[in-house]
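Colleague: I have a list of "how do you know" questions. Can we go through them with the model open?

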Amino acid sequence: MAQATMKEDALPQIYFVRDTDLGMFAYELHILAGDFLRESEFNLHSLAANTGPDSIAIMGKNHMWLSDALLAYCPSAELYRMAAMTEYPAARAFLFHTERKEDGRLYGDVLMMDLDTLRQDIERNTLYPYGVSMEYRNGTKAEADIEKWESMKLCEKDALKTWRYLYAPEQVTEWQYRYSNRFSQWKEQAFSYMPQDLEERLNVEYMEEAQNPDTDMYRIPLGTAKQMLLDGDPVYRLFPGGPEKVAPIAAVTGLWYEHYREFAVTPEDLGALDRLVRRETDRLMGIRPQPDKSQERRPSPER
């Protein structure tokens, strides 16, 4: 497996994080790679509810969408449309593969790649439905082929209680087999990283986009800053003259009405951030809190 250092090498096209807590990793992406907090609840619910082992998250500049990996290959799905329509040049795809579940937590591997790499695979392996399953408001159920569905008037579709596209079981089975092989191939081509190194590199990019960046610190969204202040943890505001510590009372007196609304924490305070991430991950994924047997993350010695 290829190995790279975060300081000296640019991010490769594909890279690999092995055997990590997928919920924690996904939530950290929402706060360390940009401000995606508004989508964290939907995305963490989707990760927890997926009955298959594979999920995909598409990360654009302002939005992140996570769902069953199969839906990235189905033109009828929102994940497919986001992959197809996202125009942000630096958009990325994160592929989550669950290996096991312990105490409600999902553990497995993650691949990250540029969105164009995933798009090419989607274009070659797109799944097309053979029909539509419909349920009317009176409880009656029916099926229609695609030609009939497309000829139906909008008012007829609005009258339905629910509907969903139908895919041939053998087509889905074939896709699952092919996707599993492709995931393994991508892993062989990827550079291997520790999850905290990846998060740090993504956070450097997030910090560099700030109006007043400080690359010796870790940038966090406003919502996370408020949560940490309410917990009594240190938070800094990024000012032109340098970072300044925020008074805890600011969390309830209009933190977001200030002119400067970019925030950060020091490497020494990453333990507090980890505790918040674990608590929020448990809440969003419906995990009952367990005694914390893990050690707090130690910050990288360099930034």
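Colleague: What is phenylalanine 94 in contact with, leaving aside its neighbours within four places in sequence?

Modeller: This is a predicted model. In it, phenylalanine 94 is in contact with Tyr15, Phe25, Leu29, Ser55, Ile56, Ala57, Met59, Val110, Leu111, Met112 and Leu202. Contact here means heavy atoms within 4.5 Å.

Colleague: Which residues touch the most other members of the largest nonpolar core?

Modeller: Phe94 and Phe96 do, out of the 47 residues in that core. Helix α1 (residues 22-32) gives the largest share, eight residues. There is also a second, separate core of 29 residues, which includes Ile56, Leu79, Leu95 and Tyr179.

Colleague: What makes a set of residues a core?

Modeller: The members are buried nonpolar residues joined through side-chain atoms within 4.5 Å. In soluble globular proteins, nonpolar side chains tend to be buried together.

Colleague: Why do aspartate 19 and aspartate 103 get their accessibility labels?

Modeller: Aspartate 19 has 42%, so it is partly exposed. Aspartate 103 has 54%, so it is exposed. Aspartate 19 is found in strand β2 (residues 14-21). Aspartate 103 is in the loop between β5 (92-102) and β6 (105-114). Neither is a glycine, but each has a positive phi: about 45° for aspartate 19 and about 55° for aspartate 103.

Colleague: How do you know that strand β3 is mostly covered?

Modeller: Count its residues. Six of the six in β3 (residues 54-59) are buried. Asp54, Ile56 and Ile58 point one way, and Ser55, Ala57 and Met59 point the other way. In a regular strand the side chains alternate between the two faces of the sheet.

Colleague: How do you know that β3 pairs with β5 and with β4?

Modeller: A pair needs at least two bridges. β3 and β5 have six, in the antiparallel sense. Methionine 59 has arginine 92 in β5 as its bridge partner. β3 and β4 (residues 64-68) have five bridges, also antiparallel. β3 and β4 form a hairpin, with four residues between them.

Colleague: What makes β11 and β13 the edges of their sheet?

Modeller: Look at the order, β11-β14-β12-β13, in an open sheet of four antiparallel strands. β11 (218-220) and β13 (242-245) each have a single partner strand, so one side of each is left without a neighbour in the sheet. Neighbouring strands of this sheet are turned by 45° against each other on average, direction ignored.

Colleague: What packs on that sheet?

Modeller: Helix α8 (residues 195-208) does, touching β11, β12 and β14. The direction of α8 makes about 70° with that of β11.

Colleague: How do you know that β12 and β14 pair?

Modeller: Two bridges join β12 (residues 236-239) to β14 (residues 263-265). At least two are needed, so the pair counts. Arginine 237 stands opposite phenylalanine 263 in β14.

Methods: Residues numbered from 1 in each chain as written. Predicted model: local features only at pLDDT ≥ 70, side-chain atom pairs only at ≥ 80, totals over all residues. Heavy atoms only, no water. Buried < 20%, exposed > 50% of the residue type's maximum accessible area, 1.4 Å probe, protein only. Axes fitted to C-alpha atoms, helices over the stretch in contact; angles between N-to-C directions.
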